[in-house]
Amino acid sequence: MEIRGITKADFDQVVSVLDAWWGGPSGERAHPVFFYELGDQALIAEDEGELVGFLLGFVAPTHPPCGYVHLVGIEPDHRRLGVGKALYEHFIGRCRAAGAERIKAITNVGNDRSIHFHQALGFDVEEAQDYAGRGRARVVFSKKL
Ligand SMILES: CC(C)(COP(=O)(O)OP(=O)(O)OC[C@H]1O[C@@H](n2cnc3c(N)ncnc32)[C@H](O)[C@@H]1OP(=O)(O)O)[C@@H](O)C(=O)NCCC(=O)NCCS
């Protein structure tokens, strides 16, 4: 498996697989800003030329800088093989190099798969009420680097 930067063809493919990989309408999750403005920081996992995973994230210019993962997805037949963990490890290396001291991600309340995955990677997990607006709680993952 190879982890590398994203191309426009990869981004188009990511958009086209989202519904299937998430099990429902999800095309809007991959906002084009994650390719056009933030694509230098996005990662693709490829196995023998086949897209098997992706991570859309960036290092936020906070003080100190903070790595932020917007979206990570693994092709269903390639789950539980360490692909998600490998993408995170690669991204964390980049975050450290950019001076980040923390990494953060969020998910919807009830996404147990994501919660278990982030817990396994050593993230603290906290449910934040009104995080995304009134009545819109989110689960916030945070880890010191
Ligand atoms: C969540 C997701 C990214 C995990 O990717 P993955 O490549 O399967 O994860 P890994 O194989 O690297 O798992 C690392 C560890 O996380 C934990 N883990 C991962 N998926 C899990 C699950 N479904 N249930 C419980 N624990 C899980 C395990 O401890 C695992 O280690 P193990 O397999 O040795 O027990 C993947 O299931 C996915 O794409 N889900 C759909 C999209 C999604 O919800 N994305 C996250 C929110 S943006």
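In which helix is the place of aspartate 12? Aspartate 12 sits in helix H1.

## About the model

This is a predicted model, in which local features need pLDDT of at least 70, side-chain atom pairs count only at pLDDT 80 or more, and totals for chains, interfaces and linings use all residues. Residues are numbered from 1 along each chain as its sequence is written.

## Overall architecture

The chain has four helices and seven strands. Helices (H or I, at least four residues) and strands (E, at least two) are DSSP runs, numbered from the N terminus. Along the sequence they follow the pattern β-α-α-β-β-β-α-β-α-β-β.

A compact globule of 145 residues would have a radius of gyration near 15 Å, and the chain agrees, with 15 Å. That radius is taken over C-alpha atoms, and the globule rule is 2.2 Å times the number of residues to the power 0.38. Along the principal axes, the C-alpha atoms fill a box of roughly 40 × 35 × 30 Å.

Of the 145 residues, 28% count as buried. A residue is buried if 20 or more other C-beta atoms lie within 10 Å of its own, exposed if 12 or fewer, and partly exposed in between, with C-beta atoms placed from the backbone. Two residues are in contact if their C-beta atoms, placed from the backbone, lie within 7 Å.

## Around the ligand

The ligand is surrounded by 20 residues. The closest are Arg79, Gly84, Lys85, His116 and Ala120. A residue is near a molecule if its C-beta atom, placed from the backbone, lies within 6 Å of it.

Which elements each supply at least two residues of this shell? They are helix H1 (8-22), strand S4 (66-74), helix H3 (83-97) and helix H4 (112-120). H4 gives the largest share, five residues. By type, the shell divides into nine nonpolar, seven polar and four charged residues. Here Ala, Val, Leu, Ile, Met, Phe, Trp, Tyr, Cys and Pro count as nonpolar, Asp, Glu, Lys and Arg as charged, and the others, Gly among them, as polar.

H3 has 15 residues. From first C-alpha to last, H3 reaches 21 Å, close to the 21 Å expected at 1.5 Å a residue. The expected span is 1.5 Å times one less than the number of residues.

Its buried residues are Val83, Gly84, Leu87, Tyr88, Phe91 and Cys95. They cover an arc of only 130 degrees around the axis, so they lie on the same side of H3. The arc is that of the directions from the helix axis to the C-beta atoms. The cover over these buried residues includes strands S1 (2-5), S2 (43-47), S3 (50-60), S4 and S5 (102-108), along with H4. The face turned away from the buried side carries exposed Glu89, Gly93 and Ala97. Just after H3, glycine 99 takes a positive phi of about 90 degrees.

## A buried phenylalanine

Is phenylalanine 141 buried or exposed? Phenylalanine 141 is buried, because 22 other C-beta atoms lie within 10 Å. Its place is in strand S7 (residues 138-144). Leaving out residues up to four places away in sequence, phenylalanine 141 touches Lys104, Ala105, Ile106, His118, Phe123 and Val125.

The loop between S3 and S4 holds proline 64. The peptide bond from histidine 63 to proline 64 is cis, with omega near 0 degrees.

Arginine 80 is in the loop between S4 and H3. It is not a glycine, yet arginine 80 has a positive phi of about 65 degrees. Arginine 80 is exposed, with 8 other C-beta atoms within 10 Å. Aspartate 130 is in the loop between strand S6 (124-128) and S7. Its phi is also positive, near 60 degrees, in a residue other than glycine. Aspartate 130 is exposed, with 10 other C-beta atoms within 10 Å.

## Back to helix H1

Aspartate 12 is exposed, since 11 other C-beta atoms lie within 10 Å. Valine 17 also lies in helix H1. Valine 17 is partly exposed, with 17 other C-beta atoms within 10 Å. The C-alpha atoms of valine 17 and glycine 27 are separated by 8.2 Å, and the two are ten residues apart along the chain.
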